[in-house]
Amino acid sequence: MIKNGQTQIMKTLQQAVMACLVACATLLLALVPAKALVEIDINQGNIEPLPMAITDFNSDDGIGTQISDVIADDLRRSGLFAPINKAAFIQKIHNPDVAPRFEDWRVINAQALVVGRVNKETDGRLRVEFRLWDTFAAEQMIGQQFFTQPENWRRVAHIIADAIYEKLTGERGYFDTRVVFVAETGPRDARQKQLAIMDQDGANLRYLTQGDDLVLTPRFSPGRQEVTYMSFADGQPRVYLLQLETGQREIVGNFPGMTFSPRFSPDGQKVIMSLVQDGNANIYTMDLRSRATTRLTNTPAIDTSPSYSPDGRQIVFESDRGGRQQLYVMNADGSNQNRISFGDGSYSTPVWSPRGDLIAFTKQSAGKFSIGVMKPDGSGERILTTGFHNEGPTWAPNGRVLMFFRQPAGAAGPQLHSIDLTGYNEQRVDTPNYASDPAWSPLLE
Amino acid sequence: MKLMMSIARNPAAIGLAAALALAGCANKKSLPNSPGELGLAANGAVPGSQQDLTLNVGDRIFFDTDSAAIRADSGATLQRQAQWLNKYSRESVTIEGHADERGTRAYNLALGARRAAATKNYLVSRGVAASRIKTISYGKERPVAVCDDISCWSQNRRAVTVVSGAGS
């Protein structure tokens with residue numbers, strides 16, 4: 001299913017990556033040291049962002065500047081890097097293949113330097129090359145090139161930003177990702193909602209539904225080709241599956257009541273969701289190939305918001321079986337259901353980190369709504385942000401950053417925000433209108 | 001106090017009070033005892049219509065925070081709804097369950113469903129055929145009162161009975 005739906009963009013990029021595997025080796029001027037000389041420990045809170053210089057990539061038109069701007073914006077928003085104002089640059093890079101004058105970059109305190117070039121190939125594709133230099137060690141850290149169709153230039157910029165982030169932090173990047181969310185317009189008592197998708201930096205926004213039907217809680221498939229969400233299109237609210245490339249949509253399963261709060265299993269073969277019967281919400285899975293459904297919880301309580309561990313062996317969910325909503329973990333077959341949250345207040349919308357080490361949640365306590373994380377055994381609870389109404393965290397694929405929505409008090413609607421796992425670097429994610437229910441896409445492997 | 005507030009905000013209760021007042025007035029002039037005997041409600045609603053249900057019976061009940069328990073003040077409304085449904089036995093209804101905005105999305109969808117089911121069960125226990133009652137939950141997606149305090153949240157925690165084809 002995923003293979004057939006592969007887009008041209010992805011094919012092109014995979015070809016680009018293949019081309020790179022061959023070409024990159026020849027671009028390497030120096031062996032990359034096993035341990036980078038410039039590096040950032042991102043496990044510290046509130047670190048000083050690393051000053052670095054990202055020069056305009058050489059090109060015949062403005063595309064080189066556009067690409068370097070996207071790279072700089074990605075790195076700046078991460079909170080870990082401080083791209084230096086280009087006006088401060090001393091050396092003008094005429095040939096990105098030649099080692100720069102390191103002292104010119106050290107004197108403006110650029111600890112790392114990014115240079116590059118964009119050429120148009122005779123077949124119309126762009127060739128984008130870049131090098132990352134460690135200015136104090138006077139060594140090249142990365143040299144890569146990519147071939148792509150001109151319209152994919154932003155993706156190439158994000159892939160380069162990911163490569164730089166990975167080299168300097170030792171963690172996977174997350175810039176070549178997208179966000180699916182619910183775009184909201186209109187007054188609070190007559191809100192219109194549309195599914196929308198955009199790059200993680202807000203570019204390339206596209207609406208996936210027209211706003212005629214109420215839609216909620218979209219979630220990506222692991223292959224990024226499908227979205228599962230809830231819609232009121234059919235009278236009875238149900239979980240749907242949407243193929244992003246074709247726009248084809250279908251109801252998931254043939255259940256007798258409302259289905260909601262869907263999410264994919266890590267292998268993409270199942271959708272896990274809640275089904276309401278006689279007012280009780282229990283958790284079910286449906287195998288997308290065999291269509292077989294399996295009931296995992298069986299209580300008179302509200303059991304919902306299921307989320308798999310990345311290895312697919314466990315599921316975290318919320319239940320009010322003990323009175324208020326709390327977080328529970330069970331095995332993937334529904335056995336061994338154990339409560340893990342015991343703090344003051346109620347806990348909901350748990351999401352297992354792609355790294356497996358943490359569970360993010362919404363916590364309601366003393367009239368405030370917070371976003372927090374805890375370990376899968378319930379220990380180590382940390383609140384990252386608190387306010388009038390914060391809800392629905394989603395993980396960046398590297399498990400370092402969370403996105404969520406914030407509804408302020410008053411007439412204004414919700415907006416998306418991101419925050420680092422340390423609780424620092426909270427950023428508003430710009431959308432044209434109000435926005436809620438974000439879901440961060442995985443990275444393409 | 002709490003009970004009085006919720007009655008005052010219930011338009012159906014006001015409608016009923018108005019109808020009773022008019023009926024009392026009519027008595028003195030030796031006219032029929034109630035607007036119903038004239039074939040029309042005091043407010044002009046067509047008997048058996050959504051407007052009739054809303055104005056003369058009460059189309060909605062309210063709930064406590066995180067609760068789907070039918071409150072004492074709601075029982076009276078549902079009694080009247082059951083009588084009305086038993087009188088207009090050809091009508092079927094959808095009960096829309098709602099939650100206030102002070103909860104998370106999935107939980108509120110489930111809570112709305114639980115409130116709709118509790119309301120349905122009450123009507124069924126008063127003799128209305130279950131096959132005539134559908135339920136749906138809108139969670140916190142359809143607030144009727146928009147402010148950021150209890151005065152609005154208490155109006156949004158509701159179950160509304162909608163005559164089929166009438167729309168809400």
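## A salt bridge in chain A

A:Asp430 and A:Arg428 form a salt bridge, and their closest N and O atoms are 4.0 Å apart. The model is predicted. How exposed are the two partners? A:Asp430 has 57% relative accessibility, so this residue counts as exposed. A:Arg428 has 41%, so this one counts as partly exposed.

Now take a pair inside chain B. B:Arg157 forms a salt bridge with B:Asp100. Here the closest N and O atoms are 2.8 Å apart. B:Arg157 sits in the loop between helix 6 (150–156) and strand 4 (158–163) of chain B. B:Asp100 sits in the loop between strand 2 and helix 5 of chain B. The pair therefore ties together parts that are 57 residues apart in sequence.

The next pair crosses from one chain to another. B:Glu101 forms a salt bridge with A:Arg188, with the closest N and O atoms 3.2 Å apart. B:Glu101 lies in the loop between strand 2 (93–98) and helix 5 of chain B. A:Arg188 lies in the loop between strand 6 (178–185) and strand 7 (192–199) of chain A, so the pair joins two chains. B:Glu101 has 16% relative accessibility. Buried means under 20%, so B:Glu101 counts as buried. A:Arg188, at 12% relative accessibility, counts as buried too.

## Salt bridges across the structure

How many salt bridges does the whole structure hold? A search over all chains finds 36.

## The largest cavity

The structure holds three cavities of 30 Å³ or more. The largest cavity has a volume of about 270 Å³. Its lining has 17 residues. Which of them are closest to its centre? They are A:Arg188, A:Arg191, A:Gln407, B:Glu101 and B:Lys140.

What is the lining like by class? It has 10 charged residues, five nonpolar and two polar.

## The second largest cavity

The second largest cavity has a volume of about 190 Å³. This cavity is lined by 17 residues. A:Thr217, A:Arg219, A:Arg263, A:Ser305 and A:Thr349 lie nearest its centre. By class, the lining has seven nonpolar, five polar and five charged residues.

Which elements supply at least two residues each? In chain A they are strand 9 (215–220), strand 13 (259–264), strand 17 (303–308), strand 21 (346–352) and strand 25 (390–395).

## Chain B as a whole

Chain B has six helices and four strands. In what order do they come? Along the sequence the pattern is α-α-α-β-α-β-α-β-α-β. The chain has 168 residues, and 52% of them are buried.

Contacts in chain B also reach along the sequence. Take those between residues at least 6 apart in sequence. Of these, 69% join residues at least 24 apart. The accessible surface of chain B comes to about 7600 Å². Carbon and sulfur atoms account for 59% of that surface.

## An enclosed helix

Helix 3 of chain B spans residues 50–57. Why is this helix described as largely enclosed by the rest of the structure? Because six of its eight residues are buried. Those buried residues are B:Gln50, B:Asp52, B:Leu53, B:Thr54, B:Asn56 and B:Val57. B:Gly58 follows the helix. The phi of B:Gly58 is positive, near 105°.

## One loop residue in chain A

Where is A:Asn58 found? This residue is in the loop between strand 1 (50–54) and helix 2 (63–77) of chain A. Leave aside residues up to four places away in sequence. A:Asn58 then touches A:Ile93, A:His94, A:Pro96, A:Gly116, A:Arg117 and A:Val118.

A:Asn58 and A:Leu327 are 269 residues apart in sequence. In space they are 53 Å apart, C-alpha to C-alpha.

Technical notes
Residues are numbered from 1 along each chain as its sequence is written. Chains are lettered from A and ligands numbered from 1 in the order in which they are written. This is a predicted model: local features need pLDDT of at least 70, side-chain atom pairs count only at pLDDT 80 or more; totals for chains, interfaces and linings use all residues. Side-chain values use heavy atoms; hydrogens and water are left out. On a 1 Å grid over the protein atoms alone, a cavity is a set of points where a 1.4 Å probe fits but cannot get out, and a pocket is an open set with protein on both sides within 12 Å along at least five of seven lines; lining residues have an atom within 4 Å of a point. Grid points are joined across faces, edges and corners, and a volume is the space filled by probe spheres set on the points. Ala, Val, Leu, Ile, Met, Phe, Trp, Tyr, Cys and Pro count as nonpolar, Asp, Glu, Lys and Arg as charged, and the others, Gly among them, as polar. Buried means under 20% relative accessible area, exposed over 50%, partly exposed in between (1.4 Å probe, protein chains only). Contact means heavy atoms within 4.5 Å. Accessible areas come from the Shrake-Rupley method with a 1.4 Å probe; for residues, only the protein chains shown count as cover. A salt bridge is a side-chain nitrogen of Lys or Arg within 4 Å of a carboxyl oxygen of Asp or Glu.
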